[in-house]
Amino acid sequence: MTKISIFENEVQQKTVNLRVGAVSIGRATDSDIHIKDSTVSSQHAKIVTYFDASYIEDLDSTNGTFVNGKRVQKHILNPGDVISLGTHTLKVENEQVTGDVTGSFADEAEGVGQHRGLMH
């Protein structure tokens with residue numbers, strides 16, 4: 001699952017988990033990610049998520065949306081990307097889902113290979 005950590009002047013404010021659909025970002029109080037900053041437009045940008053992919057789209061904001069220091073209109077998000085909006089930064093992180101993979105798959109694959117003569 002991808003999440004967005006929101007920072008103001010390098011102080012973390014909150015974290016939002018991205019789910020399928022759109023997340024609005026802006027100064028308007030009804031924005032999903034409400035940013036109190038006069039340099040951020042009321043409807044500044046949106047993040048759209050579908051399946052396991054997300055992209056950010058600038059909504060013709062006055063001061064622009066920046067990803068990794070470059071102004072973008074639309075940008076596919078990757079873990080590690082840093083979105084800049086006024087005095088705020090939004091960091092894209094990928095929450096790793098871990099599970100116990102000890103044994104069975106590796107053992108079965110090794111056993112299958114040995115029986116079929118494929119792995120030596």
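The lining of the largest pocket divides into eight nonpolar, five polar and two charged residues. This is a predicted model, and the volume of that pocket is about 240 Å³. Thr-2, one of the residues closest to the pocket centre, lies in strand β1. The strands treated below include the five of an open sheet and the hairpin of β10 and β11.

**Largest pocket**

- With a volume of about 240 Å³, the largest pocket is lined by 15 residues, of which Met-1, Thr-2, Phe-51, Asp-52 and Ala-53 are the closest to its centre.
- By class, eight of the lining residues are nonpolar, five are polar and two are charged.

**Thr-2**

- Strand β1, which spans residues 2-8, contains Thr-2.
- Thr-2 has a relative accessible area of 18% and therefore counts as buried, the cut-off being under 20%.
- Beyond its neighbours within four places in sequence, Thr-2 contacts Val-16, Asn-17 and Leu-18, and also Val-92, Glu-93 and Asn-94.

**Open five-stranded sheet**

- Five strands form an open sheet in the order β4-β3-β5-β6-β9, and their pairing is mixed.
- At the edges are β4 (33-34) and β9 (74-76), each of which pairs on one side only.
- Strand β3, residues 21-26, pairs with β4 in the parallel sense over two bridges.
- Opposite Ile-25 stands Ile-33 of β4.

- Strand β7 (residues 65-67) runs antiparallel to β10, and two bridges join them.
- Phe-66 is placed opposite Ser-84 of β10.
- Lys-91 in β11 is the bridge partner of Val-82.
- The hairpin of β10 and β11 has two residues between the strands, and Gly-86 there takes a positive phi near 60°.
- Strand β10 (residues 82-85) has Ile-83 and Leu-85 on its covered face, while Val-82 and Ser-84 are on the uncovered one.

Conventions. Residues numbered from 1 in each chain as written. Predicted model: local features only at pLDDT ≥ 70, side-chain atom pairs only at ≥ 80, totals over all residues. Heavy atoms only, no water. Pairing = 2+ DSSP bridges. Helix = DSSP H or I, 4+ residues; strand = E, 2+ residues; numbered from the N terminus. Buried < 20%, exposed > 50% of the residue type's maximum accessible area, 1.4 Å probe, protein only. 1 Å grid on protein atoms, 1.4 Å probe; cavity = no way out; pocket = protein on both sides within 12 Å on 5 of 7 lines; lining within 4 Å. Points joined across faces, edges and corners; volume = space filled by probe spheres on them. Nonpolar A, V, L, I, M, F, W, Y, C, P; charged D, E, K, R; others polar. Contact = heavy atoms within 4.5 Å.
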